[in-house]
Amino acid sequence: MNKLEDILTAGIQTNKKIEKTIIDIIFRHVKDVVFIMKVEKGPKFRYMFANESGLNKAGINQNSIGKLIEEVIPPDRAIYLQNEYERLMKEGKTTVFSDELIIENGVKVYGETILTPVKNAKGDIQFVVAVTRDVTENLIEKNRLVESEQHYRSIVDHNLDGIFSINLDGIILEANPAAYKLMGYTEKQLRNRSIFDFVSDHDQTNLKNMLQQTESGYSLESLDCRFNHQNGNQLTVHIKTVPIIIHNGIKGIYVITRDISEQAKNAETLKYMAFHDQLTGLLNRRALLDDLNNEIFLAKDSKKEFALLSIDLDRFKYLNDTLGHLIGDEILKKVATRLISIQSHGVRVYRQGGDEFMLLLPNMNRQEVSRVAEKILSSFTSSFYINSKEYYISPSIGISLYPYDGRDSESLIKNADEALFQVKERGKAHYQFYRSDMNSTIHNVVSLETHLRKAIEKKELTLYYQPQIDLETIQVKSFEALIRWNSSELGFISPGEFIPLAEETGLIIPIGNWVIKTVCKQIKKWNEKGYNQIRIAINISPKQFQQTNLVQTIKAMIDFYQIKPASLEIEITEGAMHDKKETIPVLKSLKELGVSISVDDFGTGYSSLSYIKQFPIDVLKVDQSFIRDILLNEKDAAITSTIIHLGRSLGLEVIAEGVEVAEQVEFLLKAKCQKAQGFYFAKPLTPEDIEKKYLN
C-alpha cells in the first residue's frame, strides 16, 4: 500500500514536472503567439493565458490576464477579433483567419491565426485556444511570386510577337493572344495540337533541328520559316526558341514568332531587282556571273560542256536614235520575248545592257549549240510589229565553249564577245565560235583606239592634198584634203583602219573638227602668199554631218581665219542624204555660207535622181570603182558616161576619182568630164610639195 502510494505520488510529481516543462516551452520558447480565452456569456472572451510572444507582439502584459478583449486592446482591433471569435462560436469548429498588425517602428507584420474550440462534456465551448503564426516572410515571398507571375503574364500576354509554349514533343500547351491573331486560330483550335501541324512541309526539318538544339539548353534565333495561316495563306515568320527550365531541368520550349511576311516580300522584290533587268524582266549580268560560276563548278565534276552566246542587235543604235528610245525599248522587250521562246533544256537568257544579250546553254556540245544559234537567227527573220509598224532586226552571235574557250566566267564572257566582234566585222547577221587567234585582233583594235584618242594631242595627224586636174586646161585650182596618221608608237596607220574605228567610237567628231580647222588655216596661209584662186574639199562623215553645230563650226573657222567661203568645199557621202528633212536644211545653210557642196563616191550607195535635183549640190564625184574598169567593162564605161552626162546636164561639175592610166584620161576627155584626180597625175602631197609643183 505504501509502495503504491509512493508510485502514485511519484507519477503525480512527474506529470506536474512535464506539465511545467510544456508550459515553459509554450510560454518562453514557442515563437508563435498563443492565447487561451475563456468563453463567457454574451459571448465575451477573457484572456486566461498568453505566452511571452503573445505578450510582446500583442502589446499587453501580465496585468491583462483575466480581462476581456475590449478591455485590453483598441476598439477597432477588439471588434475585428470579437467578430472572428463569434464566427468560431457559430461554426463550432476550428477556423482560420489572417490579419495584419503595425508593431514598433511602424513595421507591418502579417499573421495567420488558428482558433481551436475547447468543449466540455456537453459539447459547449468553454475555451478558445488562439495560435497566431507570423507569416510576413511567407506572404512577402508569395506576393513576390504573384507579382513575378503577373510580370511574366504581362510580358507574354501583351507581347506583339506570337509566343507558343510547347512541350518537348512539340505539343502546344499555351499561346498568347498575339499567337492566336497571327495564326487566325482560337485558343481551343491551337491548344494540344503539334506546332508542326502549322509549319510548311519545306521548313519542317529545319524547325525540328532548331528545337532539338534548344532541348539541349540553347536559345536560338534567325530561322525564317513559313507558317500556314487559318485562311490558307502562308506567313513568313522569324523564330526564336527559348528553353523552359524548371528545377534545373528543361520541361518545354517557348517558340517566339514574328510576322516578317512584308519584309520577306520586300526582300524578295529587292532580290528580284538585283538579279533582273528592269526593262525586259530578263536575268541581268549579276545573275549571269552567279549562274556561270555555278555552271563551271558543276561542269568540273561532271566533265560536261556548256556554251555562252553573246548576242548583239544589228543596226539597233540607228533605230534607237532615229525612232526614239520609247520605240527602242519596245523593240528590246519584244527581242527578249523572242529569245525566251527559244529556251529549252535549261537555256537561260540574260540582258547585259543596251542591245546586248547573253544565253547560257548547259550540257550542250558544239553541234547542239550550232542548232540553237541557227534557231535564233531563223526566229529573227520574222519582223517586229510596234504601233502597227513593221521593223526588221537581225542578231549577230558570238559563242564561247567551256572548257575549251575559258575555265572561268570572265574568260568565257570575253571570248564570246570577241567572237561577236568578228561577226560584226564580217558582215553581221550570223554566228561564229571563238578562235584563239581572235585575241590578237581584238587587242590590236583596243590598242589602236587608245592611241587614236591621243593622236590630235600628240600632233600625229597630218593632212595631205591631192590635186584635181582640169582635163581641158591641165590647170590645178582645187584639191582634196586627205588625213594621214603616223603614230609615234604604232607607225603609219592606214585611213582604212582608223577612219572606221573613229566612226564607231565617235572620235570622228573631234578629228573632223580638227580637219576643218587645219584646212581653213592652210587656205589662210596660201592666201597670204597670193594663192587666192584655190578650193579645198573636206570629207564630212555621216556622223559628223548629223551634228547640229556643224554649220556653226564651219562658219566659226571661216570667220576666224578670214577666208573666202568659196575656197572651201564640203564633201558628203550618199549615206548622209537618206533623211531629206534633216539634210536639206543643213545643205541650204552651208550654201548660204558660200561654200561648195559635193557628193562623194556617187553611184555606189543610195543614189536618187530626185535627191540630186532637190539638194543644192555643186559637184559630183565619180567613184574610183567605176573608173578602174571603164576600159575593160562596158557596163562601168556606160555608167561613168551616164553620170558625167547627168552632172553636166544639171549644171554640176563632175570629178573622176582614181585615175591611174592615160587611157582612162582619154576616155574621160571624150565623155567631157571636167576634172580628174588620181595617181596618174599625183599622189596626195604635203602643203610644201603642193606649193612647189602647182601653186608656183
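Helices (H or I, at least four residues) and strands (E, at least two) are DSSP runs, numbered from the N terminus. The model described here is predicted, so local features need pLDDT of at least 70 and side-chain atom pairs count only at pLDDT 80 or more, while totals for chains, interfaces and linings use all residues. Residues are numbered from 1 along each chain as its sequence is written, and side-chain values use heavy atoms, with hydrogens and water left out.

The chain contains 25 helices and 26 strands, and its C-alpha atoms fill a box of roughly 185 × 60 × 50 Å along the principal axes. Of its 696 residues, 43% count as buried, where buried means under 20% relative accessible area, exposed over 50%, and partly exposed in between (1.4 Å probe, protein chains only).

The structure holds 31 salt bridges, each being a side-chain nitrogen of Lys or Arg within 4 Å of a carboxyl oxygen of Asp or Glu. One of them joins Asp 559 to Lys 555, with the closest N and O atoms 2.8 Å apart; both residues lie in helix α19 (residues 550-561), four residues apart, about one turn of the helix. Asp 559 is partly exposed at 44% relative accessible area, and Lys 555 is partly exposed at 40%.

Another salt bridge connects Glu 691 with Lys 529, the closest N and O atoms being 3.1 Å apart. This pair links distant parts of the chain, since Glu 691 is in helix α25 (residues 687-695) and Lys 529 in the loop between α17 and β21 (535-540), 162 residues apart. Glu 691 is buried, with a relative accessible area of 14%.
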